[in-house]
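Morning, everyone. Please have the structure open on your screens, and I will walk you through it.

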Amino acid sequence: MSPLETLRRMDAIAGWPLLTATFLARLPVSMALIGLLTLVASATGSVAVAGIVSGAFALGETVGGPLIARFADRHGQRRPVLVTALVDAVLIGLLVAAVAADRSPAVLTVLAALSGLCMPQIGPMARTRWVGLIRAADPRATDRERSLAAAMSVEGVLDEAAFVLGPALVGVLTVTLSPSASVLGAAVLIGVFGTVFALHPTAPPGTPPARGAGGRIATPALMVIAAPMFCQGLFFGGMSTGVTAFATDSGHGDLSGLMYALQGSSSAVAGLLMASLPVAFTLPARVRVAAGALFLLTFPLYLADGAVALSVAILALGVAIGPHLVSLFGLIERAAPPSRMSQSMALILSFLILGQSAGSVVAGSLADAYGHQGAFALATAGALVAVAVNTLVMRSRWYARREEAAPADPREGISATLGPDGT
């Protein structure tokens with residue numbers, strides 16, 4: 001299945017309006033993080049305060065995301081997404097007003113944490129919608145597996161594009177208008193397109209909590225995925241910091257965004273191509289191969305002696321990123337109970353956010369001490385740990401799909417195959 005065929009399959013299942021809404025409602029996450037850094041730093045003159053405020057936003061999203069997603073699993077997506085989208089737009093607006101009014105760092109930090117806490121979980125809920133739509137649309141197992149692979153591929157591409165274009169949009173709005181405009185732009189996007197996503201007819205109804213193992217998410221099959229996802233976040237933190245440090249030290253600071261976009265572009269194409277792989281190439285095997293490639297492809301970063309050479313190395317590295325993320329989300333779909341799909345997606349995604357936040361902090365110190373190669377070393381270490389977890393801890397049998405006569409049964413999937421201790 002080519003990338004174009006992958007997109008056509010998604011269009012046939014739900015149409016472009018859903019894809020467009022999920023993408024535009026995703027942009028505010030990266031826009032708010034980068035925009036707050038720029039806005040608070042310019043207003044207060046303190047990068048440290050800006051980092052605290054932006055970190056509070058990320059921490060709030062990490063805590064609130066699984067809670068919002070759990071409510072959506074039980075009561076349907078429409079109400080929680082609609083309420084949180086509108087409330088979050090207001091909170092972000094209040095945060096901008098507080099910065100303009102020169103409020104204390106403590107006030108800004110609290111407002112940022114609340115804004116992150118109420119951020120709608122568009123990515124996890126969109127993936128949950130695709131799973132439900134595909135299970136209903138594709139009765140044959142082979143067709144369903146290909147469609148699920150296509151959906152996870154497209155969702156991975158939307159995530160990549162949002163994290164690449166979000167900061168770029170912040171830069172454009174900051175230069176043409178003001179730092180406040182970039183954060184207010186995030187508020188408008190989440191208010192408008194979060195509402196569109198909430199009211200779209202594909203919004204699934206709630207599912208009553210399942211009894212027994214079918215409703216548990218604290219199983220080895222699901223929780224082990226948190227480790228490589230956290231490592232992927234460390235990787236992102238190390239890469240973004242390393243690229244920025246390299247570009248700044250070489251006198252081409254304005255090229256850092258473009259160089260990082262190269263990674264996003266190759267990652268997006270590779271992610272879309274995952275839907276064309278044969279079903280016999282299992283998800284656990286894909287995760288291991290992708291993590292191994294992620295590790296090995298970091299080494300050319302240390303050999304690059306100029307912007308062109310580093311750009312080529314980054315472009316090649318992106319080929320492993322998309323497949324790793326797409327396969328990890330595919331494993332979540334296998335491991336999560338259907339009645340708690342959104343919460344499972346949001347929970348594991350929170351480890352990616354935590355890893356990226358921690359990675360940015362650690363990589364910054366490494367870059368100060370050892371230059372851009374110090375930051376890249378964190379990316380290499382993160383990939384190496386992911387390889388170890390995927391190879392030594394993850395068990396393929398945890399993710400073997402069991403076809404049942406009644407696929408709507410809440411015990412469908414891997415959770416139904418686990419014993420009381422989750423094994």
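**Starting at the tail end**

Ser396 touches Pro284 and Arg288, leaving aside residues up to four places away in sequence. Contact here means heavy atoms within 4.5 Å. The C-alpha atoms of Ser396 and Pro284 are 5.8 Å apart, although 112 residues separate the two along the chain. Where does Ser396 lie? It lies in the segment after α17, residues 372-393. Ser396 is partly exposed, because its relative accessibility is 36%. The cut-offs are these: buried is under 20% relative accessible area, exposed is over 50%, and partly exposed is in between, with a 1.4 Å probe and protein chains only.

A word on the source. This is a predicted model, where local features need pLDDT of at least 70, side-chain atom pairs count only at pLDDT 80 or more, and totals for chains, interfaces and linings use all residues. Residues are numbered from 1 along each chain as its sequence is written, and side-chain values use heavy atoms, with hydrogens and water left out.

**The overall picture**

The protein has 17 helices and zero strands. Both are DSSP runs, numbered from the N terminus: helices are H or I with at least four residues, strands are E with at least two. There are 423 residues, and 54% of them count as buried. Now take the contacts between residues at least 6 apart in sequence. Of those, 84% join residues at least 24 apart.

**Helix α3 and its partners**

Take α3, residues 27-44, against α9, residues 179-199. They pack at an angle of about 155°, with axes 8 Å apart. So α3 is roughly antiparallel to α9. Axes are lines fitted to C-alpha atoms, for helices over the stretch in contact, and angles run from 0 to 180 degrees between N-to-C directions. Under 35 degrees counts as roughly parallel, over 145 as roughly antiparallel, 65 to 115 as roughly perpendicular, and the rest as oblique.

The crossing of α3 and α9 is left-handed. That means the near helix is turned anticlockwise from the far one by less than a right angle; clockwise would be right-handed.

Which residues meet there? From α3, they include Leu27, Met31, Gly35 and Leu39. From α9, they include Pro179, Val183, Gly185 and Leu189. By class, the contact of α3 with α9 has 11 nonpolar, six polar and no charged residues. Ala, Val, Leu, Ile, Met, Phe, Trp, Tyr, Cys and Pro count as nonpolar; Asp, Glu, Lys and Arg as charged; the others, Gly among them, as polar.

Look at Thr38, which sits in helix α3. Is Thr38 buried, exposed or partly exposed? It is partly exposed, because its relative accessibility is 31%. Thr38 touches Thr174 and Pro179, not counting residues up to four places away in sequence.

Next partner: α5. The angle between α3 and α5 is about 20°, and their axes are 10 Å apart. Therefore α3 runs roughly parallel to α5. This crossing, too, is left-handed. Leu36, Leu39, Val40 and Ala43 of α3 meet Leu95, Val96 and Val99 of α5. By class, that contact has seven nonpolar, no polar and no charged residues.

**A right-handed pair**

Helix α15, residues 307-335, packs against helix α16, residues 341-370. The angle is about 140°, and the axes are 10 Å apart. Here α15 passes α16 in a right-handed crossing. Phe329, Ile332 and Glu333 of α15 meet Met341, Ser344, Met345, Ile348 and Leu349 of α16. By class, the contact has six nonpolar, one polar and one charged residues.

Asp102 lies in the loop between α5 (78-100) and α6 (105-117). Its phi is near 60°, a positive value in a residue other than glycine. Asp102 is exposed, because its relative accessibility is 63%.

Leu303 is in helix α14, residues 299-303. Leu303 is exposed as well, because its relative accessibility is 72%. The C-alpha atoms of Leu303 and Ala313 are 9.1 Å apart, and the two are 10 residues apart along the chain.

**Last, the cysteines**

How many disulfides does the structure hold? Zero, counting a disulfide as a pair of cysteine sulfur atoms within 2.5 Å. Cys118 is buried, because its relative accessibility is 19%. Cys231 is buried because its relative accessible area is 5%.
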